[in-house]
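Please look over the sequence and the model shown here.

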Amino acid sequence: MPRQIESLFVKGPAGPLEALLEEPEDRDPVEAALVCHPHPQHGGTMHNKVVYRIGKGLRRSGCVVLRFNYRGVNLSHGVYDHGVGEVEDARASLSLLLARYPTLPVTLAGFSFGSRIALKLGCELGYPRRLIAVGFPTVYKDRSYLDGCDIPRVFIQSTNDEFGPLADLEQVVSGLPQPASLIPIAAQDHFFAGALPALEDAVANLG
């Protein structure tokens with residue numbers, strides 16, 4: 001049976017949300033993953049190179065992956081809502097994914113602003129198998145949503161991240177409830193320039 005690749009719209013709280021669903025290339029999906037994109041006011045979309053690589057790595061590990069655009073991005077309805085509405089957009093997208101694949105375990109992942117969205121929603125829900133935060137921006141000091149969260153969290157960070165210096169993130173991760181881990185990737189900047197294949201491999205090898 002050919003794998004499913006589907007462009008669709010999620011019924012979002014502020015109107016339809018543009019989305020893309022992709023199954024693994026070589027097997028039936030064993031897990032369902034939602035991937036959240038970076039800041040919509042700084043050019044972030046579900047087609048961002050890092051987001052694409054996260055999704056590809058997850059598909060390599062057997063996940064069916066749903067990427068989506070937050071409200072106000074490309075064909076998604078609504079307007080930017082300072083991270084509050086964007087969490088609800090992710091929640092609505094996850095609901096669609098769970099309706100399609102109700103028996104599969106769930107991963108939430110995100111890049112930059114999207115890593116915060118994934119962590120906020122995942123820690124609130126409490127049931128995802130794991131949370132993957134790529135390019136976590138330590139410049140945002142409110143991390144109260146991580147307090148008491150014991151879902152396995154994996155942080156993947158560029159060694160030259162200008163918005164989340166590795167030394168700062170090491171300190172953050174060391175203070176979190178376990179299990180939490182940090183995977184550094186030797187890259188040129190926040191966007192993993194020069195290291196996108198390495199990022200994809202790191203995600204794929206998480207298991």
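Isoleucine 117 has a relative accessibility of 1% and so counts as buried, where buried means under 20% relative accessible area, exposed over 50% and partly exposed in between (1.4 Å probe, protein chains only). This is a predicted model, in which local features need pLDDT of at least 70 and side-chain atom pairs count only at pLDDT 80 or more, while totals for chains, interfaces and linings use all residues. Residues are numbered from 1 along each chain as its sequence is written, and side-chain values use heavy atoms, with hydrogens and water left out.

Isoleucine 117 belongs to helix 3; helices (H or I, at least four residues) and strands (E, at least two) are DSSP runs, numbered from the N terminus. Apart from neighbours within four places in sequence, isoleucine 117 contacts Cys36, Tyr70, Gly83, Glu86, Val87 and Ala90, contact being defined as heavy atoms within 4.5 Å. The C-alpha atoms of isoleucine 117 and cysteine 36 are 7.0 Å apart, although 81 residues separate them along the chain.

Serine 115 also sits in helix 3, which covers residues 113-125. With a relative accessible area of 0%, serine 115 is buried. Its contacts, leaving aside neighbours within four places in sequence, are Gly110, Ala133, Val134, Gly135, Phe136 and Pro137.

A nonpolar core is a set of buried Ala, Val, Leu, Ile, Met, Phe, Trp, Tyr and Cys residues joined through side-chain atoms within 4.5 Å. The largest has 43 residues, and those touching the most other members are Leu34, Cys36, Leu66, Leu97, Leu108, Leu119 and Phe155. Leucine 34, not counting residues up to four places away in sequence, touches Leu66, Phe68, Ala90, Ser93, Leu94, Leu97, Thr107, Leu108 and Ala109. A second, separate core has 22 residues, among them Val65, Val134, Ala195 and Ala202.

Ala202 is one of the buried residues of helix 5 (residues 196-204), together with Leu196, Leu199, Glu200, Val203 and Ala204. What lies over these buried residues? The cover includes helix 1 (49-60), strand 6 (130-134), strand 7 (153-158) and strand 8 (180-185).

Proline 29 is in a loop, between strand 2 (15-22) and strand 3 (31-36). Is proline 29 buried or exposed? Its relative accessible area is 17%, so proline 29 is buried. Beyond residues up to four places away in sequence, proline 29 touches Glu23, Pro24, Gly62, Cys63, Val64, Tyr101 and Leu104.

Now the whole chain. There are five helices and eight strands, arranged along the sequence as β-β-β-α-β-α-β-α-β-β-α-β-α. Of the contacts with a separation of 6 or more, 67% join residues 24 or more positions apart. Buried residues account for 57% of the 207 residues.

The radius of gyration, taken over C-alpha atoms, is compared with a globule rule of 2.2 Å times the number of residues to the power 0.38. A compact globule of 207 residues would come near 17 Å, and the chain has 16 Å, which agrees. The C-alpha trace spans about 45 × 35 × 35 Å along its principal axes.

The accessible surface is about 8,800 Å², with 53% belonging to carbon and sulfur atoms; accessible areas come from the Shrake-Rupley method with a 1.4 Å probe, and for residues only the protein chains shown count as cover.
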